[in-house]
Amino acid sequence: MVLCAVLLICLSQAELGRVWAQEHEDGLSGTPLRTDGDPSGFHRTRSDQQTLHKHRGARNTQADAGGVDISTLPDNMTHIVDSQNYYRWQSFGPTDRRTEDLWVDMNALHKSQVRIHGILSNTHRQAARVALSFDFPFYGHYLRQIIIATGGFIFMGEITHRMLTATQYISPLMANFDPSFSKNSTVRYLDNGNLFVVQWDKVRLKDREAEGAFTFQTALHRNGVIVFNYRDIPVPVAKINSTEHPVKVGLSDAFMASIPNAQATDPKRHNIYEYHRVEIDTTKIVSRSAFEFTPLPTCLQHTSCELCLTSNLTTGCGWCNTLQRCSDGIDRHRQEWLDYNCPEEVRQLSHSYMGEISCVFNIHNIFLSNSCEHSLRHKAIVRTTTHLRDR
């Protein structure tokens, strides 16, 4: 599937510095971000904990002065849509007991536990940053800040802009909702340290208010499980107009990288590439239905070379000793993976353990540990044995 959404965001260096300076203040005050209109706003949110690496400060930040495109992956890079490589999910209907078990009844909780977002509950096409009390794993990346939008979704990206609907989202029902239409419409959320829930309560579609109010929620569990739960869906999702606002249900993530492009006019321009998307069957979205997404293991969770190369939980992982990171090369750290020549390091490791190698492998004066070398030898033996049996 080819994605056609392209977002052009251009900032001067002075503008970028001004926005960064305001980030902390905005995070505390809940200053809203527009989700449409002139794409002149640009923020960098707190990076997940895995990016706080000792090499981070040495990176070339000159590219940050350029622009950002949201684009498609090059033809030679795998683009996975709707595959269960990152999440496994199930759907539950009105007659399934699990649907009710997954619903978080905010009305039954003490008022001190539930917060009504005053700005989002009284505006249209706005989004606001909210801090989590725990690190939430999303596609293997740990996040502590999210952005809730009036349009029925949560933006999960590190780079925020005015076209938040493009990618990097958790979307129970992205549509043109207008909470400002009625005083009964609210955007509520709670955070108990292990669970974060956002509920779009009695919200109506812009210019289609007479068709009824929608009530639905998404729950983010500390272990990475994501739940979409729908209490009132008065209109089939297929009949919601996407002309004025995208209509999406599912998950999406992307990475930012300055991948060479012969047609690029700005050498400093970065692209945001959507590398994975989960799209669910919207015909299953009815009143009192639910979806539950369970995260699958990723290469990023392995913290040592040995685990990276020998774990049976993941495939396609490579160890970059320079960054002390395990990855398949397609995640939010893609640019850093390229900047530190990790693909070449992984390639040389791969070639080395398929042949006779010394106890310690040297790449640019970087030495692998004996445990990693042992892992490589063990993996080579296993592969050789399997190959002989196949023959």
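## Stop one: a left-handed link

Select Cys 320 and Cys 342: the torsion about their S-S bond is -60 degrees, which makes this link left-handed. Their sulfur atoms sit 2.0 Å apart and form a disulfide (a pair of cysteine sulfur atoms within 2.5 Å). This pair links distant parts of the chain, with Cys 320 in strand E20 and Cys 342 in helix H5 (residues 342-353), 22 residues apart. Helices (H or I, at least four residues) and strands (E, at least two) are DSSP runs, numbered from the N terminus. Colour by accessibility and you'll find both Cys 320 and Cys 342 buried (buried means under 20% relative accessible area, exposed over 50%, partly exposed in between, with a 1.4 Å probe and protein chains only).

A quick word on what you're looking at: this is a predicted model, where local features need pLDDT of at least 70 and side-chain atom pairs count only at pLDDT 80 or more, while totals for chains, interfaces and linings use all residues. Residues are numbered from 1 along each chain as its sequence is written, and side-chain values use heavy atoms, with hydrogens and water left out.

## Stop two: the other disulfides

How many disulfides are there by this rule? The count is three.

Next, pick Cys 299 and Cys 317, a disulfide with its sulfur atoms 2.0 Å apart. Its S-S torsion is -85 degrees, and the link is left-handed. Cys 299 is in the loop between E19 and helix H3 (305-310), Cys 317 is in the loop between H3 and strand E20 (318-320), and the two are 18 residues apart. Cys 299 is buried at 6% relative accessibility, and Cys 317 is buried at 13%.

Now go to Cys 308 and Cys 326, whose sulfur atoms are 2.2 Å apart in a disulfide. Is this one left-handed or right-handed? The torsion about the S-S bond of Cys 308 and Cys 326 is about 75 degrees, so the disulfide is right-handed. Cys 308 belongs to helix H3 and Cys 326 to strand E21 (residues 325-327), again a link between distant parts of the chain, 18 residues apart. Both Cys 308 and Cys 326 are buried.

## Stop three: salt bridges

Time to switch to charged side chains. The structure holds 13 salt bridges (a side-chain nitrogen of Lys or Arg within 4 Å of a carboxyl oxygen of Asp or Glu).

Start with Arg 288 and Glu 100, whose side chains meet in a salt bridge at 3.5 Å, N to O. Arg 288 lies in the loop between strand E18 (270-279) and strand E19 (289-295), and Glu 100 lies in helix H2 (residues 97-102), so the pair ties together parts that are 188 residues apart in sequence. Arg 288 is partly exposed at 40% relative accessibility, and Glu 100 is partly exposed at 44%.

Move on to Arg 208 and Glu 211, a salt bridge with its closest N and O atoms 2.7 Å apart. Arg 208 is partly exposed, with a relative accessible area of 22%, and Glu 211 is partly exposed at 36%.

Last, select Glu 274 and Arg 277, where the side chains meet in a salt bridge at 2.9 Å, N to O. Are these two buried or exposed? Glu 274 is buried, and so is Arg 277.
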